[in-house]
Amino acid sequence: MNNPADLVPLSRGAMALGAAFARAGHQLHLVGGPVRDALLGRPSEDLDFATDARPEQVLDIVTPIASGTWTTGIEFGTVGAQVDGVRCEITTFRADRYDRRSRNPAVAYGDSLEDDLRRRDFTMNAMAVSATGDRTFTDPFHGLADLARGLLRTPATPEESFADDPLRMLRAARFVSTLGVTLAPEVVAAMQAMAGELARITAERVQGELSKLLLGQAPRLGLEVLVDTGLADVVLPELPALRMAADEHGQRKDVYAHTLQVLVQAIALEDAGPDLVLRWAAVLHDVGKPKTRQFVEGGRVTFHHHEVVGAKIARKRLTELRYPTTLIDDVAQLVFLHLRFYGYRTSEWTDSAVRRYVRDAGPLLPRLHKLVRSDCTTRNKGKAAALSVAYDALERRIAELKEREDLDRIRPDIDGNEIMAVLGIPPGPLVGEAYQHLLALRIEHGPLGHDRAVSELQAWYAARS
């Protein structure tokens with residue numbers, strides 16, 4: 001292969017853009033992730049380009065051939081365009097200047113492709129292919145060689161690169177998870193020395209990188225980078241806090257290592273692609289242990305109610321990371337419920353206990369099954385087999401009850417309107433109290449039937465009055 005650009009196919013939209021820029025006398029280069037991914041044989045849905053044209057000139061060039069344009073990033077030199085069904089972003093060569101106290105660059109346009117590539121995050125993202133006809137491959141920082149070796153380096157010094165944008169340190173950990181790369185020693189050293197700089201990055205940007213890391217093929221490796229470099233102390237301090245903690249059986253088991261193994265095992269149980277809720281629940285399921293650790297007689301260690309404390313900690317962390325409320329609620333509930341199964345192992349659950357388990361899990365029940373099964377990381381084959389058999393039995397109980405009852409929609413046998421009609425009361429808090437009473441009876445005894453529900457409601461109301 002004489003020209004690596006031969007491995008980077010250009011779509012019809014990219015060629016149309018290239019021709020338009022060539023006619024206007026300007027350069028246009030495919031850059032960054034799309035070049036890297038093409039060399040890895042991975043498709044890219046969006047395309048990134050760099051040009052010597054200024055943003056106003058870019059708009060003039062692309063408007064006649066685009067089905068739509070957008071200028072939300074024009075203050076940073078970026079113009080967006082939809083060309084032949086492909087989303088493209090065209091950015092003027094940059095020579096950014098940073099105040100290094102915030103992430104707001106003072107944009108300075110450049111005229112050199114090499115200078116533009118130098119300001120990019122990693123060498124494997126600092127390669128370019130000309131889209132204006134000659135398909136010149138530009139690789140001034142040996143990104144292709146680094147890509148072949150799976151080595152993550154920076155075009156400038158790591159200290160300079162990370163000072164410009166500390167989020168690049170999180171991105172390095174993300175690439176370990178998503179691309180399977182290894183960090184160059186100087187990159188690791190800079191991350192360790194500069195981890196505190198992450199504090200000036202917005203929570204939304206941190207959240208985006210953490211989500212991509214967790215959804216990668218090897219999130220355990222990415223999380224280990226965060227912990228080993230000290231980045232986790234800034235953005236996810238609950239994870240390194242799990243190191244060197246004993247488990248609830250008094251064993252000197254590393255809860256941090258256990259957590260990473262639970263994550264790996266949960267991923268193995270996914271059946272519909274990467275599940276961010278399940279992966280976050282696996283990472284956070286034991287975060288309540290450090291705050292609930294108690295040393296008791298005989299040298300044992302306990303973590304009583306760590307699931308309750310952990311649910312609150314998980315909610316707080318994910319809220320600070322600006323995750324959507326639905327994701328926060330789901331993860332916190334999974335953390336709260338993940339230990340309840342262990343009561344099933346030690347006692348015979350009644351049907352009402354099984355109903356409560358299903359009701360409290362709600363639509364999260366399939367994820368809860370996966371999390372509970374993943375939480376067994378013991379090397380004791382007998383113990384592991386016993387846990388699996390016990391959970392198999394619980395799932396059978398749930399299936400048997402579902403055959404007899406609608407467990408997915410447990411509700412009282414009469415609704416709020418009929419409660420008001422039977423008791424002759426107006427809307428108000430009393431209706432809710434009556435509803436909760438009937439719901440508790442429904443969970444305890446199963447379906448009551450209409451007549452018994454009315455009788456129980458009247459008896460409750462009479463006793464209350």
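Me: Which residues is Y109 in contact with, leaving aside its neighbours within four places in sequence?

Reply: This is a predicted model, and the contacts are read from its atoms. Apart from those neighbours, Y109 is in contact with R54, P55, I74, G77, T92 and F93. Along the chain, P55 is 54 residues from Y109, yet their C-alpha atoms are separated by 10.0 Å. Y109 itself is found in the loop between β7 (105-106) and α4 (113-118).

Me: Is Y109 buried, partly exposed or exposed?

Reply: Y109 has a relative accessibility of 33% and so counts as partly exposed, since the class lies between the buried limit of 20% and the exposed limit of 50%.

Me: How should I read the nonpolar core, and which residues touch the most other members of the largest one?

Reply: The general idea is that nonpolar side chains in soluble globular proteins tend to be buried together. Here the largest nonpolar core has 114 residues, and F49, I90, W280, L284 and Y357 touch the most other members. With residues up to four places away in sequence set aside, W280 touches L210, L214, L236, L318, L321, Y323, L327 and V331. Another core, of 14 residues, lies apart from the largest one; its members include I414, I419, I425 and L457.

Me: At what angle do α18 and α20 pack?

Reply: The angle between α18 and α20 (residues 381-404) is about 90 degrees, and their axes are 10 Å apart. The two helices are therefore roughly perpendicular to each other. On the α18 side the contact is made by D351, V354, R355, Y357 and V358, and on the α20 side by Y391, L394, R397, I398, L401 and R404. Sorted by class, this contact has seven nonpolar, four charged and no polar residues.

Me: What does burial look like in helix α19?

Reply: Seven of the ten residues of α19 are buried, so this helix is largely enclosed by the rest of the structure. The buried residues are L365, L368, H369, K370, L371, V372 and S374.

Me: How should I read a salt bridge, and how many does the structure hold?

Reply: As a general idea, side chains of opposite charge can pair when their charged atoms come close. The structure holds 31 salt bridges. In one of them, the side chains of E204 and R322 meet with an N to O distance of 3.7 Å. E204 lies in helix α9 (residues 203-214) and R322 in the loop between α15 and α16 (325-337), so this pair ties together parts that are 118 residues apart in sequence. E204 is partly exposed, at 46% relative accessible area, and R322 is partly exposed as well, at 49%.

Me: Are E270 and R279 buried or exposed?

Reply: Both E270 and R279 are buried, and their side chains meet in a salt bridge with an N to O distance of 2.8 Å.

Me: Where do the partners R373 and E395 lie?

Reply: R373 lies in helix α19 (residues 365-374) and E395 in helix α20, so the pair ties together parts that are 22 residues apart in sequence. Their side chains meet in a salt bridge at 2.8 Å, N to O. R373 is partly exposed, with a relative accessible area of 27%, and E395 counts as partly exposed at 27% relative accessibility. Salt bridges can also share partners: D121, R171, R174 and E209 are joined in this way into one network.

Note on methods. Residues numbered from 1 in each chain as written. Predicted model: local features only at pLDDT ≥ 70, side-chain atom pairs only at ≥ 80, totals over all residues. Heavy atoms only, no water. Core = buried A, V, L, I, M, F, W, Y, C linked by side-chain atoms within 4.5 Å. Buried < 20%, exposed > 50% of the residue type's maximum accessible area, 1.4 Å probe, protein only. Contact = heavy atoms within 4.5 Å. Axes fitted to C-alpha atoms, helices over the stretch in contact; angles between N-to-C directions. Helix = DSSP H or I, 4+ residues; strand = E, 2+ residues; numbered from the N terminus. Parallel < 35°, antiparallel > 145°, perpendicular 65-115°, else oblique. Nonpolar A, V, L, I, M, F, W, Y, C, P; charged D, E, K, R; others polar. Salt bridge = Lys/Arg side-chain N within 4 Å of Asp/Glu carboxyl O.
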